[in-house]
Amino acid sequence: METFQPPSVASLDHILPQEPLLMMGAGPVPIPHKVAYANSIVINHLGETMNKVIEQVKEMGRYVFQTSSRHVLGVAGPGSAAMEMAICNLVDPGSKVLAVCNGYFSRRMAEMAARIGAEVTIIEVPDNEAAQVETVEQYLKQGDFQTLTIVQGETSNTVFNRHLEAISRLANSYGCMVIVDAVCTLSTMPLEMDRWKVDAVITGGQKGLSSIPGVSLLAFSENAWKRIEARKKPITHWCLDALLADKFWNQKSYHYTAPVSGILALHEALRLVCEETLPRRFSRHEVCSKALQRGIEAMGLKLLVPEAVRLNSVVGITIPDGISGDAVRTHMSRVHRVEISGSFGLNIVRIGQMGEQSRAHNLFRTLHAFGSSMQYAGASLDLPAGIAELEKGLSEKFSA
């Protein structure tokens, strides 16, 4: 019989870089010290201390979601787990789902609904365009759709569905529940769940909230919760069953062992959002992103998406012909210790502007690293002009 020996592996001290990388891609993002400290603490997942933490997470979550709903829940998993929790609790096999698809992540929601056995109709939005209210209404008139899925911001290609409020209100008027993916947009730009008539909003911890990956948050409207309570039989996903999750999040009971450190980190991230306030946070993100976009264009590069439908929280930059985006990103990481993202088949790179990424010192470091690495890869551009325009964009706004 074979005897297994313990493997010889390198410790993390020899794997991780000596100098931490500045994470400026499409997520995860840098986390504040207080969030990192909270993530280092382990407490009992049940009991009065955890109950108090959970109550405050829900209270702060209601502010960030802009809802009075009692049904704010956390998920031990990525934003996609929150996405699946929303879909598998609100979508029944055989029900009709209208999926508004702009890119990779909006299609993921359509796929999840299809796997449940729903009858999914996809609205294919043209490349680099936002979904139009008139198009959605044409589909809603054709059939009795029970659920509509849509992203607020398509992280994969940086398109902003700027008509989300009107689309959500329209769907509501047809009796169709709305599930919104706000993974890269929550707390970076306005989203008013109650006023916009949204029935479920999902987000991940590792983007706009500037918390850790692997612990996510979602909210169901009161109407959505009635649909969940009216289910004839339990869903097949035990961990993602909202009624079971409600025992922990709202009934001070047991579902599964909660990711306590991650929930503590999420608590501190939400507390910092509330301390800053949403209006000030929205303004900071817009100022920083617009200044970065101006700097990129001043260097002589092109942004992928027209300004009218451009997502500010993730900025997509077209790579010139003959230049390797992978070479640019590798040089940025190896030489400048800054990481940005590639994309899903598109000839672009993406720079994040979510949470702690939207700080002036991070922008200057990132733009310099990006411009220098583009030049190293063979691109012809005006880096000083880009830095000057970034500084101008920041100073004009913050001094106003």
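This briefing looks at a surface patch, a loop residue and a pair of helices. The model is predicted, so local features need pLDDT of at least 70 and side-chain atom pairs count only at pLDDT 80 or more, while totals for chains, interfaces and linings use all residues. Residues are numbered from 1 along each chain as its sequence is written, and side-chain values use heavy atoms, with hydrogens and water left out.

**Surface patch**
- Leu12, Ile15 and Leu16 make a nonpolar surface patch of about 320 Å².
- Patch residues have over 30% relative accessible area and no salt bridge, with nonpolar side chains joined within 5 Å and like charges within 9 Å.
- Leu12 belongs to helix H1 (residues 12–15); helices are DSSP runs of H or I with at least four residues, and strands are E runs of at least two.
- Its relative accessible area of 55% makes Leu12 exposed (exposed is over 50%, buried under 20%, partly exposed in between, with a 1.4 Å probe and protein chains only).

**Glu19 in its loop**
- Glu19 sits in the loop between H1 and strand E1 (22–23), and is partly exposed at 42% relative accessibility.
- Beyond its neighbours within four places in sequence, Glu19 is in contact (heavy atoms within 4.5 Å) with Arg337 and Arg365.
- Glu19 and Arg337 are 318 residues apart in sequence, yet 7.5 Å apart in space, C-alpha to C-alpha.

**Helix pair H8 and H9**
- The axes of H8 (residues 222–229) and H9 (residues 242–251) come within 10 Å and cross at roughly 120°.
- H8 and H9 are therefore oblique to each other.
- Trp225, Ile228 and Glu229 of H8 meet Ala242, Leu243 and Asp246 of H9 in this contact.
- Oblique covers angles left over from roughly parallel (under 35 degrees), roughly antiparallel (over 145) and roughly perpendicular (65 to 115).

Technical notes: Areas by Shrake-Rupley, 256 points an atom, 1.4 Å probe, with all protein chains shown as cover. Salt bridge = Lys/Arg side-chain N within 4 Å of Asp/Glu carboxyl O. Axes fitted to C-alpha atoms, helices over the stretch in contact; angles between N-to-C directions.
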